[in-house]
Amino acid sequence: MQELYKQYKGLLFKLAYQLLGSVSDAEDVVHDVFLKLYDVPLEKLTEPKAYLCKMVTNRCRDIQKSARKKREQYFGEWLPEPLGSLDVDAMASVDRDNQLSYAMLVLLERLTPTERVVFVLREALGFDFNEIAELIEKSEVNCRKLLSRARSKMGVAPEEPIHAEAATQELVHDFLIALKQGNPNQIVSMLDPNVVLVTDGGGKVSAAVYPIKTRDHVSRFLFGGLRKSSMIEGVLQIDISQFNGQPALIFRSSEGIHTIAILHVEGSLVRNLYLVRNPDKLKRVGIE
């Protein structure tokens, strides 16, 4: 059992996290699956990878059903919980270069649970269609249709590769300097004309209830938010760290971390900004 845990915990965590968008829920799923494994007859574990992935997928589907109801009542916009760079143990043995970007995790929220399973198994984990078909108990033809439908809902062309879409370290650094220097013109020049900013406060801290669009509105929100944070929450410090395998901005006050900002780039301009402010999603960022 210990060997199975060491070999597959990273894969199973990655699968659960990308199906649920929650670090804590993903860890609970992996823990629950290995507890249940003690009651599984050994003859059923001839293909442990497939069996374990199926157990994780089924458990995540149960959680997704209740999560959808909760998100219908969620105040404002919902964003995935950021995965900190120090969550090393959970991500052990997982190829970080192949994990879905944070922007893709946001788009996954458009999918049904089954579409999401097929997309993650195929695009993030590289499963063959015959493996996916056995895992979710559908035909290969159906699985291909589900993937096509998922890509369409996410705005990804049929043959378009799934790429990281993450901002470079240099771009995030330049963005940080412009914020610190209070240079709105520089910020505007780095934003895509169709930029969208989404904040998730969970109804527990101040946040925009609806997405903010256009360069000018996004710039005003950023600088207005910085002034408000410094007045309400104390001295403001902004740093760069790694989340979901990409550089991100961390906003700290005298009370600790209150915002994580992840940038999604198209071309050389910032297309999306995701600001996670819900305190429940910042408990496990792993930053000292």
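Colleague: Why is L111 called buried?
Modeller: This is a predicted model, so every value here is computed from it. The relative accessible area of L111 is 2%. Buried means under 20%. The value falls under that cut-off, so L111 counts as buried.

Colleague: Where does L111 lie?
Modeller: L111 sits in the loop between α4 (102-107) and α5. L111 and L146 are 35 residues apart in sequence. In space their C-alpha atoms are 9.9 Å apart.

Colleague: What makes R149 and E115 a salt bridge?
Modeller: The N to O distance between their side chains is 3.7 Å. A salt bridge needs a side-chain nitrogen of Lys or Arg within 4 Å of a carboxyl oxygen of Asp or Glu. The pair meets that limit, so it counts as a salt bridge. R149 lies in helix α7 and E115 in helix α5 (residues 113-124), so the pair ties together parts that are 34 residues apart in sequence.

Colleague: What makes D200 and K281 a salt bridge?
Modeller: Their closest N and O atoms are 2.5 Å apart. The limit is 4 Å, so D200 and K281 qualify. The pair links distant parts of the chain, 81 residues apart. D200 is in strand β1 (residues 191-200), and K281 is in the segment after β6 (269-276). D200 and K281 are both buried.

Colleague: How do you know that D239 and R252 pair up?
Modeller: The closest N and O atoms of D239 and R252 are 3.2 Å apart. That is within 4 Å, so the pair is a salt bridge. D239 lies in strand β3 (residues 237-243) and R252 in strand β4 (residues 246-253), so parts 13 residues apart in sequence are tied together. D239 has a relative accessible area of 23%, which makes it partly exposed.

Colleague: What makes R71, E109 and R116 one network?
Modeller: Salt bridges that share partners join R71, E109 and R116. A search of the whole structure finds twelve salt bridges.

Colleague: Why can such side chains pair at all?
Modeller: Side chains of opposite charge can pair when their charged atoms come close.

Colleague: What makes the patch with E134 negative?
Modeller: The patch is formed by E47, D128, E131, E134 and E140. Asp and Glu count as negative, so the patch is negative.

Colleague: Why is E134 called exposed?
Modeller: E134 has a relative accessible area of 60%. Exposed means over 50%, so E134 is exposed. E134 lies in helix α6 (residues 129-136).

Colleague: Which residues form the nonpolar patch on the surface?
Modeller: M1, L35 and Y38 form it, with about 330 Å² of accessible area together. M1 is in the segment before α1 (2-20). L35 is in helix α2 (residues 23-37). M1 and L35 are 34 residues apart in sequence. Their C-alpha atoms are 9.9 Å apart in space.

Colleague: What is the phi of E137?
Modeller: The phi of E137 is positive, about 60°, although E137 is not a glycine. E137 sits in the loop between α6 and α7 (140-154). The relative accessible area of E137 is 62%. That is over 50%, so E137 is exposed.

Colleague: What about T214 and its phi?
Modeller: T214 has a positive phi near 80°, and T214 is not a glycine either. T214 is in the loop between β2 (212-213) and α10 (215-233). At 35% relative accessible area, T214 is partly exposed.

Colleague: How many helices and strands does the chain have, and why is it called as compact as a globular protein of its length?
Modeller: The chain has ten helices and six strands. Its radius of gyration is 20 Å. The globule rule gives 19 Å for 288 residues. The two values are close, so the chain is as compact as a globular protein of that length.

How values were computed
Residues numbered from 1 in each chain as written. Predicted model: local features only at pLDDT ≥ 70, side-chain atom pairs only at ≥ 80, totals over all residues. Heavy atoms only, no water. Patch = residues over 30% accessible without salt bridge, like charges linked within 9 Å, V, L, I, M, F, W, Y side chains within 5 Å. Areas by Shrake-Rupley, 256 points an atom, 1.4 Å probe, with all protein chains shown as cover. Charge placed at Lys NZ, Arg CZ, Asp CG, Glu CD. Helix = DSSP H or I, 4+ residues; strand = E, 2+ residues; numbered from the N terminus. Buried < 20%, exposed > 50% of the residue type's maximum accessible area, 1.4 Å probe, protein only. Rg over C-alpha atoms; globule rule 2.2 N^0.38 Å.
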